[in-house]
Amino acid sequence: MKITNKFNVPETLVALASRDFYSKGKSDYSVTEIISPPRIQRLRRKHHEEIEQDVADMLWMLMGTALHVVAERSEIAGHTNEERLSVGIDDIMLSGAIDLQKDEEDGITITDYKFTSAWALMNDKPEWEQQQNIYKYLVERVKRRPVKGLKICALIRDWSRRDAMNKESYPQAPIQVIDIPMWTFDRTEAFIKERVEMHRASKVQADWEEELPLCSEEERWVRETKYAVKKEGRKTAIRLLDTEEEAKELLATLPPTAKGFIEIRKGEAIRCTGNFCGVAQWCSQYQSSLKEDEDE
Ligand code: SF4
């Protein structure tokens, strides 16, 4: 990957961004790798040399690294920072680095730090649940100790005090600790095997990109189309609705003097359109969806 420095940030940050902190130890797969869509993984590997990223866009990755370094300095009895655990499943080795484990008599609580947006926190993040449950599986197998809780410590990058006061369900503080539902050991093991098989199959198909499994709606972070009922002279919508029918019904209840109208906010696949996967320009799935939109 080529790291650029378009905004002339200090060389020390560029050097830090260029270092490869990512490691999966001696394992075949890391937890991060198996929960990520195979299409993204294969395209990233194939285009590794061509992928360009500016150091300014890596701010939150750098902050994540900094947080881990700082967290490691805090030594408290019964707490383990940043531990990598590995297990064998069938014929592969799987490993994962766990941010924090709190060990008590009746079990271990696992916590993962995430820099995230307020929007992400207010919506489902299935990959958090998957990742945390695989960590639980690793702990239970390696340490032979029960896991009694899974938590995400979310650090909200774009937190706004004004939105916290005015928006329902908006996070009330820039740091939130969330409980993650726990799966059974058997469910997690079956999930791991299924994901490994998907990645294994995609390696065989790597030369035929069209054959790669498609990213699901969930994996593309699809934001559904919304219908905003608005009235002239008011900036914000009266209400934001999921269907056009609901919007029309509400519009019909407004007095004619309100000069109401419906604004369609077209849904989009945020991960593709914002190139958060880093490979959108080489992805046939995304490119063909762009073409379909053009043809419409
Ligand atoms: S562009 Fe979208 S569909 Fe293609 S790999 Fe990235 S997330 Fe998946």
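Me: Where does the ligand sit?
Reply: The structure is a predicted model. By the grid criterion, a molecule sits in a cavity if more than half of its atoms lie within 2 Å of the cavity's grid points. The ligand sits in the largest cavity.

Me: Which helices each supply at least two residues of the shell around the ligand?
Reply: The residues around the ligand include R39, I40, R271, C272, Q285 and Y286. The helices that each supply at least two shell residues are α3 (38-46), α10 (270-273) and α11 (284-295).

Me: How do the residues of the shell around the ligand divide into nonpolar, polar and charged?
Reply: Cys and Tyr count as nonpolar and Arg as charged. Among the residues around the ligand are R39, R220 and R271, as well as C215, C272, C277 and C283. The shell divides into eight nonpolar, one polar and three charged.

Me: What is the distance between the closest N and O atoms of K143 and E83?
Reply: A salt bridge needs a side-chain nitrogen of Lys or Arg within 4 Å of a carboxyl oxygen of Asp or Glu. K143 and E83 form such a salt bridge, and their closest N and O atoms are apart by 2.7 Å.

Me: How many residues apart in sequence are the parts that K143 and E83 tie together?
Reply: K143 is partly exposed at 27% relative accessibility, and E83 is partly exposed at 23%. K143 and E83 form a salt bridge. K143 belongs to helix α6 (residues 126-143) and E83 to strand β4 (residues 79-89), so the parts tied together are apart in sequence by 60 residues.

Me: Which residues are linked in a network of salt bridges with D106 and K148?
Reply: D106 and K148 meet through their side chains in a salt bridge, 3.1 Å from N to O. D106 is in the loop between β5 (92-104) and β6 (107-116), while K148 is in strand β7 (residues 147-156), 42 residues apart. The network also links K102 and E104.

Me: Is K230 buried or exposed?
Reply: K230 meets E263 in a salt bridge of 3.3 Å, N to O. E263 lies in strand β12 (residues 260-265) and K230 in strand β10 (residues 226-231), so the pair ties together parts 33 residues apart in sequence. E263 is partly exposed, with a relative accessible area of 28%. Because buried means under 20% relative accessible area, K230, at 11%, counts as buried.

How values were computed. Residues numbered from 1 in each chain as written. Predicted model: local features only at pLDDT ≥ 70, side-chain atom pairs only at ≥ 80, totals over all residues. Heavy atoms only, no water. Near = heavy atom within 4 Å. 1 Å grid on protein atoms, 1.4 Å probe; cavity = no way out; pocket = protein on both sides within 12 Å on 5 of 7 lines; lining within 4 Å. Helix = DSSP H or I, 4+ residues; strand = E, 2+ residues; numbered from the N terminus. Buried < 20%, exposed > 50% of the residue type's maximum accessible area, 1.4 Å probe, protein only.
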